Amino acid sequence: MDQALQTLLAQGREAYQAGELDRAEPLLREASGKGAFADVQNMLGVIYHRRGRYEAAQGCFEEALRMNAAYTDAALNLAVTYNELGKYDEAKRVYEQALGRAKDSPHHLDSFARGKIANLHAAVGDAYLSVSMLEEASREYRLALDLSPSFADLRTRLASTYRDMGRLEDAVVEFDRVRKQNPNYVPARLHLGLTLYALDKKDEAAREWQEVLKIDPENRSARTYLHMVRAATPPPMPRR
């Protein structure tokens, strides 16, 4: 490799790592025209993906994998891009292959890779949810949580899906896990209250919404739900 190309690569990679994507893109594009560098294709793909140019990103990630079929990061990025393009079968195939290679390797997936795969499962779950395929959605959310159990938003989505399926007790269990992991995560506490209300546990529901107002005193949903509980509860009988 000549010195000019080495300098070009170094500058492009440095700009990319610094988050200076406008400066990195032309440097990386020029480098890609002078040699086959899988990481350069992957970085260009990320840049295009962030700009919403998903088809261009797809081409870069696919090229990176042609150069290095074991490039896990490029495979995960490609799967994310396939999801963005609605190519769910391709996305599933690519990330399953990436996961299979990782399992066969002597090293476990790092937290970054786990998070990426978890988000892929979540995206597929969201797609199923959008067409009311609740069982399939819950399966994908569970797979996501197997990889990243601390993702409060994912567990909240799973719990809400259980509630929509009529599995109210299971929903309470999942909402309660979120509450224990992150007591200040308002969406879970709001939905936990709604689920308790559906189970006719109005006092417990009210306590959840009161806790929400301690965290966020201006939360309109909590105020509305508390008013709903009070309106549904008959006044106490006067003492004689």
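# An all-helix chain in a predicted model

The chain holds 13 helices and 0 strands. Its pattern along the sequence is α-α-α-α-α-α-α-α-α-α-α-α-α. The structure is a predicted model, so confidence is treated first, because where pLDDT is low, the predicted coordinates should not be read in detail.

## Confidence

Over the chain, the mean pLDDT is 85, and 90% of the residues reach 70 or more. Among the parts of the chain, helix α10 (residues 168–181) has the highest confidence, at a mean of 94, while helix α6 (residues 88–104) has the lowest, at 73. Over residues 235–240 the pLDDT stays under 50. For that stretch the model has 0 contacts beyond four places in sequence.

## The chain as a whole

The chain has 240 residues, and 42% of them count as buried. Its exposed surface comes to about 13400 Å², and carbon and sulfur atoms supply 50% of that area. Taking contacts between residues at least 6 apart in sequence, 44% join residues that are at least 24 apart.

## The largest pocket

The largest pocket contains about 180 Å³ of space. Its lining is made up of 12 residues. Val46, His49, Arg50, Asn77 and Lys116 are those nearest the centre of the pocket. Three helices each supply at least two residues of the lining: α3 (38–50), α5 (72–84) and α7 (111–130). Sorted by class, the lining has 5 nonpolar, 4 polar and 3 charged residues.

| Residue | Relative accessibility | Class |
|---|---|---|
| Glu140 | 3% | buried |
| Val186 | 14% | buried |
| Ser132 | 59% | exposed |
| Asp200 | 54% | exposed |

Glu140 is part of helix α8 (residues 134–147). With a relative accessibility of 3%, Glu140 counts as buried, because the cut-off for buried is under 20%. Apart from neighbours within four places in sequence, Glu140 has contacts with Tyr95, His121, Val124, Gly125 and Tyr128.

Val186 belongs to helix α11 (residues 186–198). Its relative accessibility is 14%, so Val186 also counts as buried under the cut-off of 20%. Leaving out neighbours within four places in sequence, Val186 is in contact with Val212, Ile215 and Asn219. The C-alpha atom of Val186 is separated by 8.1 Å from that of Asp216, a residue 30 places away along the chain.

The other two residues are in loops. Ser132 is in the loop between α7 and α8, and Asp200 is in the loop between α11 and α12 (202–215). Ser132 is exposed because its relative accessible area is 59%, and the cut-off for exposed is over 50%. Asp200, at 54% relative accessibility, counts as exposed by that cut-off too.

Most residues other than glycine have a negative phi. Ser132 is not a glycine, yet its phi is positive, near 65 degrees. Asp200 is likewise not a glycine and has a positive phi of about 65 degrees.

How values were computed:
Residues numbered from 1 in each chain as written. Predicted model: local features only at pLDDT ≥ 70, side-chain atom pairs only at ≥ 80, totals over all residues. Heavy atoms only, no water. Helix = DSSP H or I, 4+ residues; strand = E, 2+ residues; numbered from the N terminus. Buried < 20%, exposed > 50% of the residue type's maximum accessible area, 1.4 Å probe, protein only. Contact = heavy atoms within 4.5 Å. Areas by Shrake-Rupley, 256 points an atom, 1.4 Å probe, with all protein chains shown as cover. 1 Å grid on protein atoms, 1.4 Å probe; cavity = no way out; pocket = protein on both sides within 12 Å on 5 of 7 lines; lining within 4 Å. Points joined across faces, edges and corners; volume = space filled by probe spheres on them. Nonpolar A, V, L, I, M, F, W, Y, C, P; charged D, E, K, R; others polar. pLDDT = per-residue confidence, 0-100.
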